[in-house]
Amino acid sequence: MRTIGLVAGAVFRESVRDRIPYAMVAFAVLLIAASYLIGQLTAGQDMKVIKDLGLAAMSWFGLLIAVFIGITLVSKEVERRSVFALLAKPVSRAQFVVGKYLGLVMTLAVNLAVMTVAFYAVLLYMDMTTAPGIKSVWPAPALDPHLAVAVVLTVAELSIVTAVALFFSTFSSPLLAALFTVGLWVAGHFNADLRNFEAVLDARPVVLLARGLYYVLPNLAPFNIRAEVVHGIDVPASQVLLTLAYAVVYIGILLTASVMVFRRRDFK
Amino acid sequence: MSAPRAEAGGRTGTLGPWLLIAVLGLASVGLQAARDRDRHPFEPTGGMLWIQSGPAMKRLVLGYDTIAADLYWMRAVVYYGGQRLRPAGDRSYDLLFPMLDLVTSLDPRFRVAYRFGAIFLAESFPNGPGRPDQSIALLEDGLARDGERWEYMHDIGFVYYWWLQDYQKAAEWFGRGSRAPGAPEWLAPLAATTLATGGDRQSSRTLWQQLHDSSEFPWIRTNAEFRLRQLDAMDLIDQLNAVAERYQAREGRVAQTWQEFVRAGYLRGIPLDPSGTPLVINPVTGRIGLAADSALQPLPAEPPPPSAVPVPRPPS
């Protein structure tokens, strides 16, 4: 565990050196500027729009970080040949892969945590500057704790995306890994269509294939509860917990597969 | 000795690029200003909406449905406001319904979009597209997508009442709304009143007042206040026309100026409409009306009263 922690810490420090935290500052500035501007254009829907914008921006920034750092996690080490020095030390390939993964997830989590603080700060400002009569018709309070649940699920979704990127990074070039990862992310949002394929096609084998793909491909749509949270609609805790459990299991599968592929690689 | 010289050279070397950036930046601003003076880029008069299918757009936005709905909502608000600012003859509201349909397809719980559509899609030209059918279609979509909300039923009833003068349908929808969860107590009596006295100015006033008092959206309240001021103006004009008739009966001719009313002791001065604009007298007929430049123009046509009192039948 200590070795994994050391590798993860190195990844985190490297991402800080690469100025990834600048994304956080950009996020805060974007939100604060937006809150002033969009209030004029939304015909009274500024709170909804700021919540939508904040949650969507966190997801976008996080996705960019997950994909573009995730795809280079392993390939960069191989390209620089620093992987030889690393693996010569008492670090197993499994520890290397898992450490790399946890380091990037830590970077993502810290990024999103800072963005969440900036987000709540803007919401607090909106709450303090809005008349009580207007606040009384908001479907959910400005500082709704359920927003944090939506952020937690976003982190879980991005953790899956990171695991996908890492998996492809173990055996393909960064460009191909980026394409595969984005492709799977897109497919992950259309998954419900695969489950309901019998509604559009009468061919049993194709329907079974689609059903199989539904279970094999990452199902990312349930991680998106942004609309429910913004409209103040209750999301059952059981749904959130099952979705988080699904993320843990799916990440486990991807990390195991990544370790298997990485173990077979010959770096001579 | 060489070190200070190198430092001085370094300062000059740093200053040079900054100076160049400043000069080029100023030149860029100047060039843009010069270009913009004579540049008239092509802009389609009606605007463009490349994708009008809600389901297609929902797939394209890959889970970011609500933020996409917000963007189309802002576009719809700006589009409507922009058309209202144009000269009456240049206005076109063709894209208002497709935009609102996209908003509500992407975010089916975007209540304000349904209610915005209910008010402004039905508004007669040039203040709106004059499409009460689209208003009703959007609100019925709201009922299908967002559940049995009394607000949507009330708004459908309202469109039937005010814009289509179909008091039976209006009463049916008010009645259906009164049975929906969370409906206010005044909705059931409104259904009965609509059947009995639909088209009556007092009923219209009650309807607008309820809309004003029950809405959380400022622009609905503003619109309702405008309509209430129009109804006040219509009351005032009726009272003054009664005065004019008395004047004509006594003097044997129509009054052509307000001074004649003042001299005869009927009025103390020139009457103003609720927007503060002086009312005018038609010198030929002696009838009193709004000035052409009054902010309350055009007054709504007085709907005909219901010919009968039919038995309410709930809509299916």
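## Confidence, a helix pair and the chain contact

In chain A of this predicted model, confidence is lowest in helix 2 (residues 22–38), with a mean pLDDT of 69, and highest in helix 8, at 95. Taken over the whole of chain A, the mean pLDDT is 85, and 94% of the residues reach 70 or more. Where pLDDT is low, the predicted coordinates should not be read in detail.

Helix 8 of chain A (residues 146–169) is also one partner of a helix pair, the other being helix 9 of chain A (residues 174–189); their axes come within 9 Å and cross at roughly 145°. The crossing in which helix 8 of chain A passes helix 9 of chain A is right-handed. On the side of helix 8 of chain A, the contact is made by V161(A), V164(A), A165(A), F168(A) and S169(A), while helix 9 of chain A brings L176(A), A177(A), F180(A), T181(A), L184(A) and W185(A).

Between the chains, the contact takes 19 residues from chain B and 19 residues from chain A. On the side of chain B that touches chain A, the following helices of chain B each supply at least two residues.

| Helix of chain B | Residue range |
|---|---|
| Helix 3 of chain B | residues 65–85 |
| Helix 5 of chain B | residues 111–120 |
| Helix 11 of chain B | residues 218–251 |

Helix 3 of chain B gives the largest share of this side, namely eight residues. The side of chain B that touches chain A divides into twelve nonpolar, two polar and five charged residues.

Note on methods:
Residues numbered from 1 in each chain as written. Chains lettered and ligands numbered in written order. Predicted model: local features only at pLDDT ≥ 70, side-chain atom pairs only at ≥ 80, totals over all residues. Axes fitted to C-alpha atoms, helices over the stretch in contact; angles between N-to-C directions. Helix = DSSP H or I, 4+ residues; strand = E, 2+ residues; numbered from the N terminus. Left-handed = near helix turned anticlockwise from the far one by under 90°. Contact = placed C-beta atoms within 7 Å. Nonpolar A, V, L, I, M, F, W, Y, C, P; charged D, E, K, R; others polar. pLDDT = per-residue confidence, 0-100.
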